[in-house]
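Please look at the sequence and the structure shown here, and then read the short report that follows.

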Amino acid sequence: MLFRSGCGAGHANLTSITVSPQTATAASVQGQVGYTATGYFANGKSRELSQVDGLSWKTSPTSDGTVAATIGSTGEATCSAPGTITVTATAPENLQFTVNNGVQNTSTMVSGTASLTCQ
């Protein structure tokens with residue numbers, strides 16, 4: 001069974017992603033910040049992206065390699081140690097998301113970043 005949604009074939013491609021808030025600070029132990037990703041398209045339109053669009057989230061370690069925060073699939077970051085990290089949202093350029101048939105979206109990936117300081 002094939003399910004498609006978002007801006008798949010025949011629609012404007014995703015050109016950039018902005019992550020909000022761009023900078024945030026939270027407590028270093030279980031402090032949380034909710035992030036959103038806004039997609040900007042070749043036709044000049046924009047909208048908030050979600051998992052249905054193939055959106056994924058990740059956090060980078062701090063400059064000394066500490067994992068200061070983790071982020072869930074809905075953009076909720078939770079601090080676990082002091083440090084400053086980069087939060088990245090990534091989605092496929094064509095936003096075609098296919099479920100239950102084992103086929104992966106192989107279009108170019110588009111990313112946007114923000115900064116989180118865990119204190």
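## Cys 118 and its partner

Cys 118 counts as buried because its relative accessibility is 3%, where buried means under 20% relative accessible area, computed with a 1.4 Å probe over protein chains only. Cys 118 forms a disulfide with Cys 79, and their sulfur atoms lie 2.1 Å apart; the term disulfide is used for a pair of cysteine sulfur atoms within 2.5 Å. This pair links distant parts of the chain, since Cys 79 sits in strand S8 (residues 76-79) and Cys 118 in strand S10 (residues 109-118), 39 residues apart. The link is left-handed, with -75 degrees about the S-S bond, and Cys 79 is likewise buried, at 0% relative accessibility.

## How the model is read

This is a predicted model, in which local features need pLDDT of at least 70 and side-chain atom pairs count only at pLDDT 80 or more, while totals for chains, interfaces and linings use all residues. Residues are numbered from 1 along each chain as its sequence is written, and side-chain values use heavy atoms, with hydrogens and water left out.

Ser 28 lies in the loop between strand S2 (23-26) and strand S3 (32-34), and it counts as buried at 13% relative accessibility. Leaving aside neighbours within four places in sequence, Ser 28 is in contact (heavy atoms within 4.5 Å) with residues including Cys 79 and Cys 118.

## The whole chain

The protein chain has zero helices and ten strands, where helices (H or I, at least four residues) and strands (E, at least two) are DSSP runs numbered from the N terminus. Of its 119 residues, 39% count as buried.

Methods:
Buried < 20%, exposed > 50% of the residue type's maximum accessible area, 1.4 Å probe, protein only.
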